[in-house]
Amino acid sequence: DDDEHNRLYRLRKLPAKLLEDFAKKVYLPFVGKVVHYRYVTLCFALAMVMIMVGVIAGGVVDIEFWPPADGDHMACYVLFPEGTSSEVTSDALREIEEALERVAARTETLSGAPLIVNLHTRVFTFGSHQGRLYVELLDTAERGVHSKEISESWEKELGLIPGAIETSFYKSSIGQDGPPISIALRGPDMDALRTAGEKLKAKLRTYDGVFEVRDDFLPGKTELHVTLKPEAHTLGLSLDQVSGFIRAGFYGEEALRFQRGRDDVQVRVRYPDEERKTLADLETARITTPTGAEVPLLSVADVTFSEGYTSIRGSNGLRRLSVWANANSAVVKPHEVVDELKAEYLDSLVAGYPNMSWNLRGVSENNEETLGGLLNGFVMAMLGVFVIMTVMFRSYVQPLLILTVIPFGMMGVFFGHWCMGIPVTFLSMFGIIALTGVVVNDAIVLIDCVNTLLSEGHPFHRAVCLGGYRRFRAIFLTTISTSIGLLPLLLEKSFQAQIVIPMATSIAFGVVFATLLTLFLIPALLMIVNDLRRVAHYTLYRNWPTEEEVEPGSRRKFLLYDEDDPKPKVKDKAPLPGMAEIRL
């Protein structure tokens, strides 16, 4: 039993012993070399940052705020002009369904199961000119095909539906609200907006990977436009009178209203059926002048026909037309398309029309606003951290030293996204902010230990190396526990986990790089700052100080008290054996 107990005891102590041996035999000698060649270490770190900047600028690591999440549901909406019968809409839905079935027939899933689990078609009761086909796809893990690829194939297979105003495809997603490319044109003239919108849509279609290009203009029913001729004013006719005569003759003017049981009956007077069946009947319509004379309608007014508006959208007193588009992120990034349009096309487009302007809407607009707010909050948080560390360390330089390590820690974020094969998303930014706390915390622990060792009388070079050695276990355990704890989330394949995987990647990989920075770069930077302090002291006082004399940690005071001596004593050195310590 004693042998078994001793064996279990040694087994429990083995990880701690291995970690202690590694810190003593591997880390401590190596950090001594790093401190000795501190400027080489700094140059190496700067080179790594420059390489990472080049990798990002070269597009090796993609940046996409809201990448398309692979969902299990899709829908296709079809829209016809108002007044279209439900039979026409139903025929279009059958055509859409057949196109999807052809795509599903030639698509091989990972599990071999059918691509389509269930589908449902519907013609809307509040408008027979609108219809929807809703489809439930095979689960993401079993499908092996991204829903965006299915949507693109579905759209190409379907083509154009005769008579349809718009055919839209939607996929279940998290985070992104609307298409990734959305640009609004504003101006006083709706016809000019439609013309400019068509040019913008044609420009968007020239980009490879951009699809589902459309706008939010919905034509209404055909309207009759009446314009008075000069002869009408001579006869004393107004536009209101002329339009009133046309309405009364073809639609009817209420002459009587009476109650019949529970019904309210209206009696309207209008032209006979044979005189109001065709548009040609307008040529024979007659208008009564204020003097009682009758004149032909076309002799006092010009009558034209044009499309009406289902709705008119406005912004700041101007009419607005929004142009939308989707993009395949594997071919082209939406933000790259938007940036190119902003730089090279949109200003020249609106310059050709009076009083027309443009602005970003939807996802692009929200991304800029949210990123700006996130950046402002991050700066305020770092300012608060700096103030707290300044009070704690009684130094302005050491807190700045800690904050300068943050950009180096971001190398791990981009390296992790490259290893995982995922783009840097908006939630990756939240991971970077969380990572900043880990980097600052580890650096505070190490620098505080170095200052404590200095106050105990250790030489500065030894204090820097020994501080990293003493805090190696705490920093290493923080890193390994955080990384392993996030590993199940990194390996998760479900739809719900996809949106938070970039954030977990930022923290998991970033904390590993942060550990290396804390254990090696911080000691090197402490020595470099010490060199600069000594040079500054020599410049001011013309004598070279020792390394310890210019460090604020070596001037710490301690409040010492003995159990037999109730009066505390302030000392500059570390407490003697047997005395308690309270740091001032």
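## Terms and model

Contact here means that heavy atoms lie within 4.5 Å, and helices are DSSP runs (H or I, at least four residues) numbered from the N terminus. The model is predicted, with local features needing pLDDT of at least 70 and side-chain atom pairs counting only at pLDDT 80 or more, while totals for chains, interfaces and linings use all residues. Residues are numbered from 1 along each chain as its sequence is written, and side-chain values use heavy atoms, leaving out hydrogens and water.

## Helices α14 and α15

In this model, I406, G409, M410, V413 and H417 of α14 meet S428, I432, L435, T436 and V440 of α15. By class, that contact has six nonpolar, four polar and no charged residues (Ala, Val, Leu, Ile, Met, Phe, Trp, Tyr, Cys and Pro count as nonpolar, Asp, Glu, Lys and Arg as charged, and the others, Gly among them, as polar).

## Helices α15 and α18

The axes of α15 (residues 426-455) and α18 (residues 501-541) come within 8 Å and cross at roughly 30°, the axes being lines fitted to C-alpha atoms over the stretch in contact, with angles from 0 to 180 degrees between N-to-C directions. Their contact divides into 19 nonpolar residues, five polar and one charged.

## Nonpolar cores

A nonpolar core is a set of buried (under 20% relative accessible area, 1.4 Å probe, protein chains only) Ala, Val, Leu, Ile, Met, Phe, Trp, Tyr and Cys residues joined through side-chain atoms within 4.5 Å. The largest such core has 62 residues, of which M389, I402, I447, V450, V464, I522 and L526 touch the most other members. Leaving aside neighbours within four places in sequence, I447 is in contact with F393, Q398, L401, I402, I522 and L526. Apart from this core lies another, of 28 residues, including A192, V213, L321 and V350.

Methods:
Helices (H or I, at least four residues) and strands (E, at least two) are DSSP runs, numbered from the N terminus. Buried means under 20% relative accessible area, exposed over 50%, partly exposed in between (1.4 Å probe, protein chains only).
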